[in-house]
Every structure is written in structure tokens, then in C-alpha cells.
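Student: I have a chain open in the viewer and would like to go through its side-chain contacts. Can we take them one at a time?

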Amino acid sequence: MASKKVAHTAPDQYLGYGLQATHLTARLFDAEPGSFWALEVFDDVAEQASGNVKLVQTKSARGNNPVANRALAMWKTFGIWASQLGDGGLDLSKTCFELYVSRNVSGDIVDAFSSASTSVEAASALLTAKTILFGSGVEPLPASLAPHVKTFFDTPHQKLEELVRNFTLVCATDSPHKDLEKIIEPHPVSASKRGVVLDHMCGWVKRRVEELMETNQPAIVARDDFHTVYTAFCRLVDRSQILPSIKYNLTRDEIENTSKQAKPFIKQMLLIDLAEDQILAGTADYLLASASRAAWSASGDVDEESFTELEKALQRAWTNQSAMSKLEFADRKANDLGRLIYFKCMSHRLPLQAMEAPEYFVPGCYQQMADNLTLGWHPSYTTMLAG
């Protein structure tokens, strides 16, 4: 694809509009039950909950600082909010104002406004803003900026104080999408599934908003509807019937080197005179199962307690197979009997946390248990491997 920039492309505008839906998704994850969030209804993004309203203006900051002291984007926002106060369209006692920026930025005026929580602090912040904008020796405001600043400061002072007291600057700590990952990090979603879940929920919000707009309906999304979809999708993808295969580059050299070590599980296979290729296969199962267990545990795909439950089930199966084999083939030599028990166990399959595991996993778990000497193949393995 050609990389030459086309004249009509506008990545900043696209990021600006796209940010609205991304931020709406983020707020829906944390929204209180029964609340509603809207896009391009009351503001870029807005919340209505328990009779209160939160108006959020979103600003993409790919390169510029949209909250600099003379930033046009910021004063357009403050001008819009101030005009809504002037015409009585907002109840200040039930309204909060928020400016969300897609990266960590700051400015003297916006920081003063955001930190003010009392009438005295708000009055001081407004005075600071006037000094920075109109103080002695300060250059006149650009023609594009002046009308918005005038709209703001022409609003009755008491109302401006309340606006400033109810205003907060919020910046992405990393990036909007990475912050989404942090939001659901404490949720009961496996680490390996978070990307899939976030992609689905961002897509669901975007589609829901666009469907409403296409039919001339206000783009209002209920938090409860969002969480119903979120919960259902998590159940679908995070309770898969098949455990994911791990990326582990197991080489023949690694298998052969491990098979030559004096590990108990290797000795156990030697006791029953397994062929070399069978020992190598058992060693590969052991290595893959060990790596899988570590990976699934770290990613949250499998709870540690589930491994313990599986081992208990394998122990019971081994006990039963050993007892039945000894009754049915009592006249067999010990080595033959051991191989019979071994191959029956190697062909055994059990689910892990109600999920199908790769075919190497259960045999590999048996090898791990043989390595711990909690079970064995030769009828006299405990005596023969003692010391």
C-alpha cells in the first residue's frame, strides 16, 4: 500500500471522533448500576445517574496540547458549558464537568480550575486565568479564541465559580486503549482473553451508537445492557472448551538431554524397559506439560486449585488401573505389568477445569507425578528407587 499522504486524510479528526466511543466504553465498564451514558447527546460523552449529570468533553492529543492556556479546543469547551449555564439549561447543583485528554497534559489555567474545590479556590482560579490571559504585557487573544473566552467570562461570576468547582481534568495514564486494559485487569477475565473481550465490547458500543443514530434516536446506552453483553461474552470466550496451546519451541536436543538426566520419572521408565523412542515421547510430554501448567497459571486460564484436583483424579485412576492389572495379569512379570499400567495411564484423558487439554498434558502430568514418586509403573518402584 502506498505510504504517501493523501490530501484529504485527517487522522487527528478521526482520532478525535474515535476517542468518544472508546471513552464511552471505558466509562460503561465502571458505571454504577442503573445509570445511562450517552454519546453526542448532552456532550461528547455524558452520564445520567441518580438524578445527576456528568458532561465529558474528550480531546485527542496526538501532538498538540488541547489544554494549554490559549488552546482553542479548551476555550470552546468552557464557552459551550458557560453558555449552557447562561440559558439555564443546566442545574449546577447536579452537574459535573470533565475534560478528558488522551495523554497526560497540563496547563496553568486548567490545572487551577481542576484543583479548585471551594468557592474561594474557584474565585482564585478564575483570577489566575484572567491574569494569564489579560494581564499587563500579555499579547491580545487571537481572533479565533477571543469570542469563546468572552462567552466564558461574560457568564455571571457565581455560576462560573460553581462550574470551576465542579470541573475536573482527567488524562489517560498511558493511552485510551491501554487504560481500558487496566480497567478490566482486576475483573475475572483471563489475561489471554482481555484483548478479545475489549475488542468485542468496543465494537458493540460503536455498533450500538451508530444503530441508534441511523434511526434518529439519541445514542444512549444503558450500563446494565452493556454489562449483560459483557458478562455473556466473558462466559463465552473465557470458558472455552479447549485450553490454548502454548508457544513453546521444544527441540529434540532438549528432549534428548533431559532423557539422559537422572530424574525419577526417567528412572521409572527405565525400570520397566521402555524403548528409547517411548522414553523420548514421555520426556516430551513431561516438558510440554510443565511449560503449559506454568503458562496457564500465569495467564489465569487455569486456577491453581484445578491442577490439584486433576492430580487427585489421576492418582485415583492410577490406583484403579494398578489394582485391576494386578488382578487380571497376576502371572505377568513385573516389568510387563509395569508397562501395561504405564500405557493404560498414558492413554487416559481427563478435562482440566471442564476444558479439553492438549493430548500431551495428561500423560505429562502422569510423568510429573512419577517424578515426585507419588505414583509409579513397576510394582516395586518405591523400593527400587529408594535412596
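This is a predicted model: local features need pLDDT of at least 70, side-chain atom pairs count only at pLDDT 80 or more; totals for chains, interfaces and linings use all residues.

Student: How are the planes of W81 and F167 set: stacked, edge-to-face or tilted?

Tutor: The ring centres of W81 and F167 are 6.1 Å apart, with 55 degrees between the planes. Planes under 30 degrees apart count as stacked and those over 60 as edge-to-face, and the rest are tilted. The pair W81 and F167 is therefore tilted.

Student: Is F167 buried or exposed?

Tutor: A residue counts as buried under 20% relative accessible area. F167 has a relative accessible area of 1%, so F167 is buried.

Student: Which residues form one aromatic cluster?

Tutor: Both pairs discussed above have their members in one cluster. Its residues are W75, F78, W81, F97, F113, F134, F152, F153 and F167.

Student: What is the orientation of α10 relative to α12?

Tutor: Two packed helices are described by the angle between their axes and the distance between the axes. For α10 (residues 252-259) and α12 (residues 276-299), the axes are 9 Å apart and the angle is about 105 degrees. Angles of 65 to 115 degrees count as roughly perpendicular. That makes α10, relative to α12, roughly perpendicular.

Student: Which residues of α12 make the contact with α10?

Tutor: On the α10 side, the contact is made by R252, E254, I255, E256, T258 and S259. By class, the contact has five nonpolar, three polar and three charged residues. The α12 side consists of I279, L280, T283, A284 and L287.

Student: How far apart are the closest N and O atoms of E256 and R252?

Tutor: Side chains of opposite charge can pair when their charged atoms come close. E256 and R252 are four residues apart in helix α10, so they are separated by about one helical turn. E256 is partly exposed at 22% relative accessibility, whereas R252 is exposed at 54%. The two form a salt bridge, and the closest N and O atoms are apart by 2.9 Å.

Student: Which residue forms a salt bridge with R293?

Tutor: R293 lies in helix α12 and its partner in helix α13, so the pair ties together parts that are eleven residues apart in sequence. R293 counts as buried at 19% relative accessibility. The closest N and O atoms are 3.2 Å apart, and the partner is E304.

Student: What is the N to O distance between E309 and K312?

Tutor: E309 and K312 both lie in helix α13, three residues apart, about one turn of the helix. E309 is partly exposed at 41% relative accessibility, and K312 is partly exposed at 43%. Their side chains meet in a salt bridge with an N to O distance of 3.8 Å.

Student: How many salt bridges does a search of the whole structure find?

Tutor: One network of salt bridges links R27, K54 and E98. For the whole structure, the number of salt bridges found is twelve.

Methods
Residues are numbered from 1 along each chain as its sequence is written. Side-chain values use heavy atoms; hydrogens and water are left out. Rings of Phe, Tyr and Trp (its six-membered ring) pair if their centres lie within 6.5 Å; planes under 30 degrees apart count as stacked, over 60 as edge-to-face and the rest as tilted. Buried means under 20% relative accessible area, exposed over 50%, partly exposed in between (1.4 Å probe, protein chains only). Axes are lines fitted to C-alpha atoms, for helices over the stretch in contact, and angles run from 0 to 180 degrees between N-to-C directions. Helices (H or I, at least four residues) and strands (E, at least two) are DSSP runs, numbered from the N terminus. Angles under 35 degrees count as roughly parallel, over 145 as roughly antiparallel, 65 to 115 as roughly perpendicular and the rest as oblique. Contact means heavy atoms within 4.5 Å. Ala, Val, Leu, Ile, Met, Phe, Trp, Tyr, Cys and Pro count as nonpolar, Asp, Glu, Lys and Arg as charged, and the others, Gly among them, as polar. A salt bridge is a side-chain nitrogen of Lys or Arg within 4 Å of a carboxyl oxygen of Asp or Glu.
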